[in-house]
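Please read the following account alongside the sequence and the coordinates. It takes the reader through the structure one region at a time.

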Amino acid sequence: MRVTEPLANTVLLSALVLACGGKMTFYDGIYPFYPLQRSPFMINISLLVAILVFSVLAVSFLFILPGIRGRSRWFWMFRIFISLFIGVVLVVLNFTGDWAEARVKANTTYKSFSTAVVSAEVGLHVGLYGINITLKGEPVTQINETINYNEIISWSSSVDEQYGDALERGLPNPILYIAEKFTYNSACGLIYQYSYSARFASANLWTAFCCWLLANILFSMPVILYAGYMMIATAAFIFFSVASFSTIYNVSPCDFSIGSEALRTDYSHSFWLALATGLLCAVIGLLVVLLDCLFPARMREAFSVGVDDEDDECCADEGYLNSGFLEGVIHDDVTPAENNSLPQQITTLTRL
């Protein structure tokens, strides 16, 4: 007698259940026939890579530092670490999610078609790549579930598709409510202003990063003045980036109501870090330009550029000849031509 395929699958499934002790889970509650349980978002991989790259550069310069002699060692260390700090900030700010933030603790409904109410902290984190919507229960475990969500909505892909995917996955109501405000069909129209402002801000930051690279190249050449100009340009593009992001508040305010509480965004850590870095670049650029105009020679000496010109102009009055190659060479006096008022110069050639 031939066993049909559905019956065979049923028998196999029953055997698997019995082998697992009558439970449909493996390894601490992971279901074998359903997608793996999602862990909360920890850190952006691009952000981690940028931090690691600049950390390796900083450690490499620490190994080089003992080879620099004298008091200039401390100047070079200060210069290198300030430059690396500016560079890592310009890269990292493109991947952080806390340019603007809003958090509120409220009692809110958990899922659609359910009367269950949970106590949780709802957060909205705005970055240049998109937004993060967080939901964390207080306590985390409520109504027999672990409430700890961090959902990303990226500007690089369709927001409506991401919202539709969130609906299919049955995410909690607070996350769906905030995500719906950023769809193209929303009456608030937040997606246009937020995405365009973030993209312009990111473009200005990358331009500032290019100016920072040029400034470091010019600092190693005898054109310190132009290096100062590039630092000022770096500061200018950082300020343009900050101003571009600030335009998110130009749209008419859209109310976010979580339970009985209101959710309002405000500038956060990355915004103020960008502003402080822009001020630092502006101060460095202005100081370099001012000092180079007042003390150009000392500035070139401090940056170890253009200090070998005097050595090239010097000429030796005494030289040494290899007798193996120059046999028969005699000591000659070099006498200036007649009617020449310059003093006589004598070059002494000493045989090895």
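Predicted model: local features only at pLDDT ≥ 70, side-chain atom pairs only at ≥ 80, totals over all residues.

Residues are numbered from 1 along each chain as its sequence is written, and side-chain values use heavy atoms, with hydrogens and water left out.

Begin with the sheet. Helices (H or I, at least four residues) and strands (E, at least two) are DSSP runs, numbered from the N terminus. Two strands are said to pair if DSSP finds at least two bridges between them. On these terms, five strands form an open sheet in the order 4-3-2-1-7, and the pairing is antiparallel. Strand 4 (145-154) and strand 7 (266-267) are the edge strands, each pairing on one side only.

Strand 7 and strand 1 (residues 100-109) are antiparallel and share two bridges; here Ala 100 stands opposite Tyr 267 of strand 7. Strand 1 also pairs with strand 2, again in the antiparallel sense, over 10 bridges, and Thr 108 has Val 118 in strand 2 as its bridge partner. A hairpin through three residues joins strand 2 to strand 3.

How much of strand 2 is covered? Of the 10 residues in strand 2 (residues 117-126), seven are buried, so the strand is mostly covered. The cut-offs for relative accessible area are under 20% for buried and over 50% for exposed, with partly exposed in between (1.4 Å probe, protein chains only).

Backbone geometry comes next. Most residues other than glycine have a negative phi, and most peptide bonds are trans. The peptide bond from Glu 138 to Pro 139 is cis, with omega near 5 degrees, and Pro 139 belongs to strand 3 (residues 130-142). The loop between strand 3 and strand 4 contains Ile 143 and Asn 144. Ile 143 has a positive phi, near 40 degrees, without being a glycine. Asn 144, likewise not a glycine, has a positive phi of about 60 degrees. Ile 143 is partly exposed because its relative accessible area is 42%, whereas Asn 144 counts as exposed at 80%.

Now turn to the helices. Two packed helices are described by the angle between their axes and the distance between the axes. The axes are lines fitted to C-alpha atoms, for helices over the stretch in contact, and angles run from 0 to 180 degrees between N-to-C directions. For helix 3 (residues 72-92) and helix 6 (residues 190-219), the axes come within 9 Å and cross at roughly 160 degrees. The two helices are therefore roughly antiparallel, a term for angles over 145 degrees. Contact here means heavy atoms within 4.5 Å. The residues making it include Arg 79, Leu 84 and Leu 90 of helix 3, and Trp 206, Phe 209 and Trp 212 of helix 6.

Last, consider Asp 292 in helix 8 (residues 269-294). Is Asp 292 buried or exposed? Its relative accessible area is 8%, so Asp 292 is buried. Leaving aside residues up to four places away in sequence, Asp 292 touches Ile 224, Leu 225, Met 299 and Arg 300.

Technical notes
Parallel < 35°, antiparallel > 145°, perpendicular 65-115°, else oblique.
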